[in-house]
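Hello,

Here is the structure you were waiting for. Please have it open while you read the notes below it.

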Amino acid sequence: MEVSLPLSNRVEPSKREALKPKNNSPVQPFNISTASIALPLSFILAGLLALFTGASWLVLQPEILAAYHYNANAIAATHLFALGWLCSVVMGAMYQLVPVALETKLFSERLAKIQFVFHIVGFVGMVLAFRVWNMKFVAAFGSIFAIGVALFIYNVARTLLRIPKWNVIAAAVASALGWILLTVSAGLLIASAKTGHANFMFHFNPIGAMHAHAHLGTLGFFIMLIVGVSYKLIPMFTLSEIQNHRRALVSVILLNVGLAGSFVSILLQLVVKPLFALIIVAAFVIYGREMTAILRARKRRALDWGVRYFLTAIALLAPLSILALILSWPKLPLNPFTGQLENVYGFVAFVGVISFAVIGMLYKIIPFLVWFGIYSKHIGCTQVPALAEMVSEKLQRLGYGIFLTALAVTIFGILFSNAMAVRIGSAFFAASLTTLALNVGKILSHYFQPKLAPLAAPKNYDRNKN
Amino acid sequence: MPEKIVTLDVREDIRNGREPFSKIMSAVAELHADENLLLLAPFEPKPLFGLLTRQGFNHLAREMENGDWEILFSRSRGDEALIEKPEIPKPKTDQSLLTSAPTKMIEVDARGLEPPQPMVKILETLASLPHGAALRARTDRRPMHLYAQLEARGFTGQTEEQNDGSFLTIIKSR
């Protein structure tokens, strides 16, 4: 793959040759700046709003999880979580993180702003259309959403083409782009099949198609990005380094291979399903070993709450893997209990692993974005608050405990089709999210009331130094 | 159109150890559209230049005979005639001042810190950087968020990856 610095991408290919020698220099050109903070924050706040809506919905209608998931409300709620909460936050964060992590500049901030509109209209319309089970509207709003996703893929792909040096993080981001393209295409095909178009889809078992689509999005986009991005962020936050680059790369490759095989075997309901599930589990084991090695080598002993949320979430990949291996068994009968086990599987993946990990990362990203947006220009002129002062650790600790309680209670409720337990679990879940909301409010209060103090010693005004 | 000049003298404040930043910023905020600010300071207040440039001001800095500095902040509108204002006889531009013999290097080691501490450490050192000196900053990562901050403060930075995997950024006045 040709790698080139940002400069060369603005030059036509014919002229690019002449520039080449310059680009081999390790010196970064100076035209690099980071994207504005309003863009990622808009995506993130929209995502948080969807998350609250989703949690409240589960409190009001716990049957969504207490009954088998092939029904309008369960599918609507799943898309509210997957598109409204997770996609919004992940995409917004990626517009900020990918350029920084991969040392380049976002290809176009304007395209990202346009995507925001398609994204919001698309996912809100889709969720409402699923709820009333109007597949024509699902397809229509799905197409609007897909235009947004296409803009996202194009924008991030063009950004990847600019990066000076490929590494495991870039490989994971590139893979995630491929998988989300497939996820959205598969989703649109399923919706068109249900409106009487795309007739070839009738060759597939509808539940197989739905599960294949769900695995593409969950593993290919969300978990792929969690794995890839954590190879950058966990060393950054714990003051460590990747210990074995090859091992890290192998985890990403195995995840890709396992997912490709799983997609086909889930879609066609093949007996080789457990084999590919095993490959994915192997990817997680290798990922876990590299993460453990990174943490062992860390220079900062104490872990902050954002990192703890994240590490707890990825530790939940272990029970999730066991569930996956059980459910992938081709001889497994589909009865009410195994049906509920599938619900638990989806719930642990979406809420236990992905949402918990994303909340942990948000506890690092939101304070940084707001701090950077408000205070970076004042550094050296006035005293700016430290990043750690922007969140309440007490609330984080409380939210962490409540979240794990919510998870346990809800899983119990799902497993035994007990709507009341799901309702109580969801209420705990909403309570944990309230601690998050309070903390986000605390962070955002700096927007309206920046806390600047004069420098203690005006060393920058020491005339002797001039 | 004749423009008025508001003079603000912060030399006494600074000599008495008082922080003049908020005084300057409130004077700037109170300026009318047709007013410019003449700031008198005991040294060249570099950190201000970037801030006020973003608020739409040009600056002309000149060292006076007693070693103090006077700086004219005028609203940018491409009006070059301002340079010939009688109140500022033959001002030297910032640019010409900077080309004069610089090479003192100040070192900052910002390794082993969690973001955004490396940036804070570098920018705080930069604020007290002696005139004409340059800064060599070592970091664990390429300082992606730093460049725009440097530019806003009238500096440029060039980063090179070192053999040990760390990064060295040389920061100079523009």
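This is a predicted model: local features need pLDDT of at least 70, side-chain atom pairs count only at pLDDT 80 or more; totals for chains, interfaces and linings use all residues.

Chain A first. It has 16 helices and 0 strands. Of its 466 residues, 48% count as buried. Among contacts in chain A with a separation of 6 or more, 80% join residues 24 or more positions apart.

Now the cores. The largest nonpolar core has 166 residues. A:Leu86, A:Val90, A:Met224, A:Val353, A:Ile354 and A:Ala357 have the most contacts inside it. Helix H14 of chain A (residues 336–375) gives this core its largest share, 22 residues. Take A:Leu86 as a place to look. Leaving aside residues up to four places away in sequence, A:Leu86 touches A:Phe81, A:Phe222, A:Ile354 and A:Val358. Another core lies apart from the largest one. That other core has 16 residues, including B:Val10, B:Leu39, B:Ala61 and B:Ile71.

Last, helix H13 of chain A, residues 317–328. At 1.5 Å a residue, its 12 residues should span 16 Å. The end C-alpha atoms are 16 Å apart, so the two agree.

Which residues of H13(A) are buried? They are A:Leu317, A:Leu320, A:Ala324 and A:Ser328. These four cover an arc of only 65° around the axis, so they sit on the same side of H13(A). The general rule is that an α-helix has 3.6 residues a turn, so residues three or four places apart point the same way. The cover over the buried residues of H13(A) includes helix H11 (273–296), helix H12 (305–315) and H14 of chain A.

Best wishes

Methods:
Residues are numbered from 1 along each chain as its sequence is written. Chains are lettered from A and ligands numbered from 1 in the order in which they are written. A nonpolar core is a set of buried Ala, Val, Leu, Ile, Met, Phe, Trp, Tyr and Cys residues joined through C-beta atoms within 7 Å. A residue is buried if 20 or more other C-beta atoms lie within 10 Å of its own, exposed if 12 or fewer, and partly exposed in between; C-beta atoms are placed from the backbone. Helices (H or I, at least four residues) and strands (E, at least two) are DSSP runs, numbered from the N terminus. Two residues are in contact if their C-beta atoms, placed from the backbone, lie within 7 Å. The expected span of a helix is 1.5 Å times one less than its number of residues. The arc is that of the directions from the helix axis to the C-beta atoms.
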